Amino acid sequence: MLTEQVKAGKLPPVEQRLPEKPTVLKAAEVGKYGGNWQRAYKGPGDRWGPTKLMEERVVKWSQKPGGPLGLVPGYISSYSVSEDSREFTFTLLKGLKWSDGEPVTTEDVRFWYDDVFMNKDLLASIDQTLAPGGKPMKLEVVDEQTFKVKFDEPYVYFLEILAKDSTGDPSLDRPSFLFPKHYLKQFNNKYASEDELKAAAAKFGVEKWTDLWGSKGAATAWWQNPDLPVITAWKIEKPAPGDVVTMVRNPYYYAVDQAGNQLPYIDRISHKLFSDQEAFNLMIVQGQIDMQMRYVEPQDFTFYKENEEKGGYKVHRWTQAQTWSLVPNLNVKDEVLRGLFETSDFREALSVAIDRETVNELIFSGLAEARQASPVSGSPNFDPDLEKHWAEYDPDKANALLDGIGLDKRDGEGFRLRPDGKRLSIVVEMEHSNGPKTMEIVAANYKDIGVELLPRIIDRTQWDANRDNNEFQMQWYPFDRLSVVAADPRIMMGNDSYAHQYYIWYTTKGADGIEPPADHPIRTLFADWDKAAKAADRKEADAALNDLIKTFVTQGWVIGVVGELPAISVVKNNFMNFPDDLIEDDITRGIGLGATQQMWMAQ
């Protein structure tokens, strides 16, 4: 594909496109070039699926099948950490280039730090993972390739955080420390005039220039802007929305295989739009999916296995580091319901009322295990006692607990009445295909204890909006990041989950969000993370982190149901170099852990 462009004079030869010493990514087998990898997506809001196929980090998670997780350098030649874990030094690959051929230098790092990260117009508040103790990281540019990141206190978990979440907002694929200054300065208020920014906003069809930025930003989200220079293996060619979204290889990608061939092997990735699980499963059976893990649901495992021959694929298994959970909203606007969710006995009753074994057998084909939302086995934070906390099925105890907190009056249909006399009903939102059937079982369990559960199916875009706007009572989803908790403790601290508004209050130092009551145990969680984030050594940090995890699980703010399921993928028989037996988690960046750049298609 690229040879033709070189011959036509549209591209320089490969040795001029690669860094002086490219990163060597050892492929399972040296592959062949070409192919259009077909997969499916759910619409413009489904941006994380394609993103995880090809994210880049300054350091990345790596794993050999069945082995431990470790960190490897990304687009850098080296990194080092000072003895006191306060100073981190990174050296960019010499000759690294953006997808438009422009050089990547520490000027791009300086632009990211001075003009974006520290720009209050673009980032009103800095996430606490990048500002431990409220003090943002400091940057020192040493030369054209080397830069240092410094903290006032030791920060032993910084590399794990970079491998998971990189340097966070305001971008989508979050290429740590890097933004293409030569392209993005035209949309930045430190470089462009007010009129130029207004014109740029009008050109992209957004209200104001700041809407050009962020993970959904018209200019800075790779998913939406084909002109945005990237360092990823592929770049967007035909953006969403559309029946088919396409990505095309980046001719300047920095990595090669063990034989010196520039990666990736695959020319294009096409994402075909689908609406419901049945349609997606039909695409699999009809051979329209070359490889996919996202939306390949464990509850359909038997169906996928039965159709392997017909669809010309094999089912592969990883391990999911998540627990399917009911997540009540401690910040719900309904004051009476909020008071109940904040009551420990109420949460315990909701947890022990669930017949997890039945959910496992009927919904997940017995592939899961009944468990609480807690670190999974294999995690450095795994604790068998926490896994079973409030996870036993005991409807008698649940009824007694609810009677004990004064919910002993019932209506004509046997449902309990709230303190304000209304029926005790909880609306649970779901966007996953296993939701409706699972909620049938849970709703029947809850009816036995006099609680009405009202399931509602919504799409992903509405789902995110309801959480961001604090417009939900309870949600059903796989509670993840249960492998290396240190890499992203925020979900346990309420972020984007059970106490989003409390978390915002914490991370903005009270400027926004909702303040938790003075005696609220979530404050202990925040304090534990502050302690872990500035601990002098890993032992001290791990102790504080394990305290945080223990408080989270024993409080039962999230009601885990089943977990430790296999993460399954369908892989066409001609789709090569797909690894087995890895850990699927948001922390390990999902399918990205399998190094998609080294996957290839036999023509």
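Reader: By class, how many nonpolar residues does the lining of the second largest cavity have?
Author: Let's set the other classes aside first: three residues of this lining are polar and two are charged. Asp, Glu, Lys and Arg count as charged, Ala, Val, Leu, Ile, Met, Phe, Trp, Tyr, Cys and Pro as nonpolar, and the others, Gly among them, as polar. The nonpolar count for this lining is five.

Reader: Before we go on, what kind of model is this?
Author: Residues are numbered from 1 along each chain as its sequence is written, and side-chain values use heavy atoms, with hydrogens and water left out. Local features need pLDDT of at least 70, side-chain atom pairs count only at pLDDT 80 or more, and totals for chains, interfaces and linings use all residues, this being a predicted model.

Reader: How much space lies in the second largest cavity?
Author: Its lining includes Trp112, Asp169 and Arg174. A cavity is a set of points on a 1 Å grid over the protein atoms alone where a 1.4 Å probe fits but cannot get out, and lining residues have an atom within 4 Å of a point. Grid points are joined across faces, edges and corners, and the volume is the space filled by probe spheres set on them. For this cavity the volume is about 40 Å³.

Reader: What volume does the largest cavity have?
Author: Among the residues that line the largest cavity are Trp98, Asp173, Thr220 and Ile231. By class, nine of its lining residues are nonpolar, one is polar and one is charged. Its volume is about 70 Å³.

Reader: Which element gives the most to the lining of the second largest pocket?
Author: A pocket is an open set of grid points with protein on both sides within 12 Å along at least five of seven lines. With four residues, the element that gives the most is β3.

Reader: Which residue stands opposite Gln292?
Author: Four strands form an open, mixed sheet in the order β13-β21-β14-β23, and its edge strands, β13 (291–292) and β23 (583–584), each pair on one side only. Strands pair if DSSP finds at least two bridges between them. Antiparallel β13 and β21 (residues 566–572) are joined by two bridges. In β21, the residue opposite Gln292 is Val570.

Reader: Is Arg371 buried or exposed?
Author: Arg371 forms a salt bridge (a side-chain nitrogen of Lys or Arg within 4 Å of a carboxyl oxygen of Asp or Glu) with Glu387, the closest N and O atoms being 3.0 Å apart. The pair links distant parts of the chain, 16 residues apart: Glu387 lies in helix α14 (residues 384–387) and Arg371 in the loop between β16 (369–370) and α14. Buried means under 20% relative accessible area, exposed over 50%, and partly exposed in between (1.4 Å probe, protein chains only). Because its relative accessible area is 0%, Arg371 is buried.

Reader: With which residue does Asp488 form a salt bridge?
Author: Asp488 is buried, with a relative accessible area of 1%. The closest N and O atoms are 3.0 Å apart, and the partner is Arg481.
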